[in-house]
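Hi,

Here is the structure I promised to pass on.

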Amino acid sequence: MHTKENSCCCSFDDCKLTTEWLLSMTRHRPKIAIVCGSGLGLLAETASNKQDVRYEDIPNFPVSTVPGHEGRLVFGHIKGKSCVFMQGRFHLYEGYSLCKVTFPVRIFKLMGVETIIVTNASGGLCQDFKVGDIMVIKDHINLPGFAGQHPLCGPNDERFGIRFPCMSDAYSKALRKLALDITTELGYSNFVHEGVYCMVSGPNFETIAEARMLQILGSDSVGMSTVPEVTVAKHCGLRVLGLSLITNKVSLDYSREEKVNHEEVLQISKMRAEMLKNVLITFIARCHQVETINTNYPNAV
Ligand SMILES: O=P(O)(O)O[C@@H]1C[C@H](O)[C@@H](CO)O1
Ligand SMILES: Nc1nc2[nH]cnc2c(=O)[nH]1
C-alpha cells in the first residue's frame, strides 16, 4: 500500500513517461482497451494493422508471470475502431502491488482510451451457470478491498480522479444492455447471464466453506482479478464492460470429486474464446453508439 512516506511506484509522472514512450512507439491512438483474461489472449487475433509491444520493453511496466498470459500489448483495428489489447494481465498473487496491477489502466486513460472491456476466467457459484457460459458482470465484491488491499489506498492524485469515487454503477448499464442484446442477436442467450463477480486474492482456489460463504454473500462467480482494474478505470472516468467466462463450477459440496486446476481453466478459456471474440467484435463496432454517464465525471464520455 502507498503511504505518504513510501512514495508511489506508479506516480502521475511515471504514468506520463510510459504513455509518452508508447505514443512515440506507435501511430495507433486507441479509444477502446481490452484486457484479456487467462487463456483469452487470442481475442486480439482478429485485429488488423497489428503492432505488438512486449511488456518487458515498456518503461515501468510489470511483466507477466502466469501461464496463459502472453505479456504484450497489441494495438490494432477491429471494424475500423482503434483498439489496444492487453495479452496478459497482472494479479495480486504474483506479488505485484495493486498499483502495479492497475498501472496499464491509467496508461490507457492517458493515451486517450474511453472504454475498457475487462475479461476474465472465473469459477461459477450460481447453480444455473454451466462451464463455458459467459457472465456479463453486473457488479462486483471487492473482498481484498475490505481488508485494505485496494488500488486507491494512499494519497489521491486528483489528476486521475476524485478521493471518494462512486462504485454503484461501476459497470455501465447501457454497455451491459448492448452486450446482452448482441449475445441475443448472435444466438448465445442460452449460455449468457448477468451476475456478480467476487474477487479473492488467490492463488489457491476456494475451500468448500469459502465457496459457500461467497455464495451466501451474493457472488455468482469468483476469480482473482478484474476488480482492481475496474475500480481504477471507474475512478479515472473510463466506461467499463466486464465479461467473465465460467471455466469451472466451484465445489460447494463435500461429496464432489472434481478438482479445479489452472490447466482446465486455460483449456475451457481457449475452447470458448471464439464465442467471446464474436461478442467483442460486434460490441466494439457498436459501443460508440451508446451514451453513458459516469457519476464521478458527469461530463465524461
Ligand atoms: O486473469 P484471470 O482472472 O482470467 O485468471 C484466472 C484467475 C487466476 O489467475 C487463474 C486461475 O486459473 O485464472
Ligand atoms: N478464485 C477462483 N478463480 C478462478 N478462476 C477460474 N476459476 C476460478 C475459481 O474457481 N476460483
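Let me start with asparagine 248, which sits in strand 9; helices (H or I, at least four residues) and strands (E, at least two) are DSSP runs, numbered from the N terminus. Before going further: this is a predicted model, where local features need pLDDT of at least 70, side-chain atom pairs count only at pLDDT 80 or more, and totals for chains, interfaces and linings use all residues. Residues are numbered from 1 along each chain as its sequence is written, while chains are lettered from A and ligands numbered from 1 in the order in which they are written.

Back to Asn248. With 20 other C-beta atoms within 10 Å, asparagine 248 is buried (buried means 20 or more other C-beta atoms within 10 Å of a residue's own, exposed 12 or fewer, partly exposed in between, with C-beta atoms placed from the backbone). Not counting residues up to four places away in sequence, asparagine 248 touches Gly123, Val131, Val260, Glu264 and Val265; a contact here is two C-beta atoms, placed from the backbone, within 7 Å.

The unreviewed UniProt entry puts Asn248 together with Glu206 under a "binding site" annotation. They span 43 residues in sequence, yet no two of their C-alpha atoms are more than 12.0 Å apart, so they gather at one spot. UniProt positions are in the numbering used here, feature names are shortened, and annotations may be inferred rather than shown by experiment. Glutamate 206 is in the loop between strand 7 and helix 6 (208-216), and counts as buried with 20 C-beta neighbours inside 10 Å. Leaving out residues up to four places away in sequence, glutamate 206 touches Ala211, Leu214, Val222 and Val250.

A further "binding site" annotation from the unreviewed entry covers Ser38, His69, Arg89, Phe90, His91, Ala121 and Ser225. I looked at two of these:

- Phenylalanine 90 lies in the loop between strand 4 (81-87) and helix 2 (98-101). It is buried, with 29 other C-beta atoms within 10 Å, and touches Pro62, Tyr96, Lys100 and Val101, not counting residues up to four places away in sequence.
- Alanine 121 belongs to strand 5 (residues 115-124) and is buried too, having 25 C-beta neighbours inside 10 Å. Beyond its neighbours within four places in sequence, alanine 121 is in contact with residues including Gly37, Ser38, Gly223 and Val265.

Now the ligands. Ligand 1 is surrounded by 13 residues, of which the closest are Gly37, Ser38, Asn120, Ser225 and Val265 (a residue is near a molecule if its C-beta atom, placed from the backbone, lies within 6 Å of it). Strand 5 and helix 8 (262-286) are the elements that give two or more residues to that shell. By class, the shell around ligand 1 has four nonpolar, eight polar and one charged, with Ala, Val, Leu, Ile, Met, Phe, Trp, Tyr, Cys and Pro counted as nonpolar, Asp, Glu, Lys and Arg as charged, and the others, Gly among them, as polar.

What surrounds ligand 2? There are 15 residues, the closest being Ala121, Gly123, Val222, Gly223 and Val265. Strand 5, strand 8 (221-223) and strand 9 (239-249) each supply at least two residues of this shell, and strand 5 has the largest share, with three residues. The shell around ligand 2 divides into eight nonpolar, six polar and one charged residues.

On the overall fold, the protein chain has eight helices and nine strands. Buried residues make up 45% of its 301 residues. Strand 6 (residues 134-142) and strand 7 (residues 192-199) pair in the parallel sense over eight bridges, where pairing needs at least two DSSP bridges between the strands. Strand 7 also pairs with strand 8 in the parallel sense, over three bridges, and cysteine 198 stands opposite valine 222 there.

Glycine 112 follows helix 3 with a positive phi, near 110°. For helix 7, nine of the nine residues are buried, so it is largely enclosed as well.

Cheers
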